[in-house]
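Here's a quick briefing to read alongside the model. Have the sequence and the 3D view open as you go.

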Amino acid sequence: MKVPRPVLQASSLAILCAVFIALADNRLFWSSLFRVIDPLTPSGLVFTLTAFLTLAGMLIVFFLLFSARYLFRPVLMLSLLLASVIGYFGSAYGVIVEGSIVRSFFATDVREAGELMTWRFAVEIMVFGVLPALAVGFVRVSSRGPMRELRQRSIAIGLTICLMLFASLTVYKDLVLIGREHKELRMTMNPLYAVYSAVKYAKKRGWPGAAIATVGGDARRGAVHPGKKRDVVVLVVGETARAREFSLNGYERKTNPLLEYDGVVSFTRAFACGTSTADSLPCMFSFYNRGEYSVSKAANHENVLDVLSRAGVRVLWRDNNAGCKGVCLRVEEEDLSHAQETGYCNSEECFDEVLLDRLEERIEETDGDILIVLHQKGSHGPAYYKRHPSRFSVFAPECSSYSPQNCATNEIVNAYDNTILYTDYLLHRTIGILRKRFATENTMLLYFSDHGESLGENGLYLHGLPYMVAPDEQTHVPFIAWLSDGYTREHGIDRKCLDSHHDRPYSHANLFHSLLGSFDVQTEVYRPERDILAECRTGPRVL
Ligand SMILES: [Zn+2]
């Protein structure tokens, strides 16, 4: 006997699946939400309904966008299966599927995954995933001609969006408040957050097939002298530090009490490529100078980290900022911005010292030449006072507000100067680590900030003005070099020559070539006239 297959409209089927997922596979979301609000109070009930509408509504819109004939049911079935798996890990382990999980999914260790496949897993996936997916496969989707279907589904999408908007407006205040206080809630929305994370991951890795033009395809190391120690270069990429706040550059306040005794060269006339991180960061590492550069050009071309890797230099990017803006896509990256266990972090962020956590171990576990990039959070505003541990609140009183324009100018400057003081300490500590490795390595440190900052001069705050009109405060940045004795000797650097170049005009365009030069990488794209060390590389490279 044949069982008759029920017939459903596409929008009804989408609603059914969305409601099922919103209720059955979102147990972690609901339990997290009910810890924050009480659904039995009138306002709590309204909020709960809104949350339900939003969750289901987004799924309905998502499903209907993929409701083309041969796509619709596979998308629904896959979503049901995926949501049941994520729902299981959420409710059983409190696991949130985000960047690192997606990353590890693509580099899965099957043995590890095997341990998670329990009986409970099998039962839950069967009940919440496989059976509903089979049901979707069983029903028939009615069609009344493509034009009518398109119109009807568009109306359904429109109505759903209106309903979601209306619902969120009624609890707008609570939504903003709870949304801000409990960011983790959004991460437990299943499977939306996982899809979002996967898309973010894919974008970060570059879509498969996106071509990246080779730069310096001929890169190779210069002749290696027998007995030469390996080179370890640390590049600290500063954040929002401006040149004039450095006492090394003549600032009247002692903001560099430690670096002043470290024997560094401070290049006093260095300028940034852009006035924001997103603009400057890719530019610093790209082959192009400011006139030729664009963000998309940089994204489509290899940068100096790729060229160094090709020549056999290991590259490690350690980040305490909001990522490397695509610069470190093809090299090893360590995100330390939430490394709670290091003791340098609070619930929101980490102090820059986290970048030095296990730095020596990182150096020791490698052999051969290595470039380590430390990407600071530096002086990132507007809450400057949050960027340094309290013992660095030397200049007082500090502006302790997210809106610096509400503070007196001297309070803003105090808070900002304390961040420079902390950067001084960070660089000094880094140099300390590199200095004592003289027996095994030739070490060097470079520090270059990504852009500057306005602290109320001419009524301007923060940064990001178009370069043409940006004041010096936003473009004139600190650029510092420290070379160990071993590095100077084995690379034949005339130290006096380098010191005498401290007031030469430099810019981010010098970084690409200086990094290549510092590892003696030879390639047709290397321009010695832009390498800050080239002119001072006088003597023959001695043993
Ligand atoms: Zn920046």
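This is a predicted model: local features need pLDDT of at least 70, side-chain atom pairs count only at pLDDT 80 or more; totals for chains, interfaces and linings use all residues.

The zinc ion has four donor atoms in a tetrahedral site, helices α2 and α3 pack against each other, and helix α20 is largely enclosed by the rest of the structure.

**Zinc site**
- Glu239 (OE), Thr277 (OG1), Asp450 (OD) and His451 (NE2) are the protein donors, and they sit 1.9 to 2.0 Å from the zinc ion.
- The angles among the four donor atoms run from 98 to 121 degrees, which makes the site tetrahedral.
- Along the sequence, the donor residues follow the spacing E-x37-T-x172-D-H.
- Thr277 belongs to helix α12 (residues 277-285), while Asp450 is in the loop between β10 (441-449) and β11 (454-455), so this pair ties together parts that are 173 residues apart in sequence.
- Thr277 and Asp450 are both buried.

**Helices α2 and α3**
- α2 (residues 27-36) and α3 (residues 42-65) pack at about 155 degrees, and their axes are 12 Å apart.
- With that angle, α2 counts as roughly antiparallel to α3, the cut-off being over 145 degrees.
- From α2, the contact uses Phe29, Trp30, Leu33 and Phe34; from α3, it uses Phe47, Thr48, Ala51, Phe52 and Leu55.
- The α2/α3 crossing is right-handed.

**Helix α20**
- In α20 (residues 509-518), 10 of the 10 residues are buried, so the helix is largely enclosed by the rest of the structure.
- Among those buried residues are Phe512, His513 and Leu516.
- After α20 comes Asp520, with a positive phi near 60 degrees.

Key: Residues are numbered from 1 along each chain as its sequence is written. Side-chain values use heavy atoms; hydrogens and water are left out. Donors are N, O and S atoms within 2.8 Å of the metal (3.2 Å for Na, K and Ca); water is not among the atoms, so sites may look incomplete. Four donors count as tetrahedral if all angles lie between 85 and 135 degrees; four count as square planar and six as octahedral if opposite donors are over 155 degrees apart and all others between 65 and 115; anything else is irregular. Helices (H or I, at least four residues) and strands (E, at least two) are DSSP runs, numbered from the N terminus. Buried means under 20% relative accessible area, exposed over 50%, partly exposed in between (1.4 Å probe, protein chains only). Axes are lines fitted to C-alpha atoms, for helices over the stretch in contact, and angles run from 0 to 180 degrees between N-to-C directions. Angles under 35 degrees count as roughly parallel, over 145 as roughly antiparallel, 65 to 115 as roughly perpendicular and the rest as oblique. A crossing is left-handed if the near helix is turned anticlockwise from the far one by less than a right angle, and right-handed if clockwise. Contact means heavy atoms within 4.5 Å.
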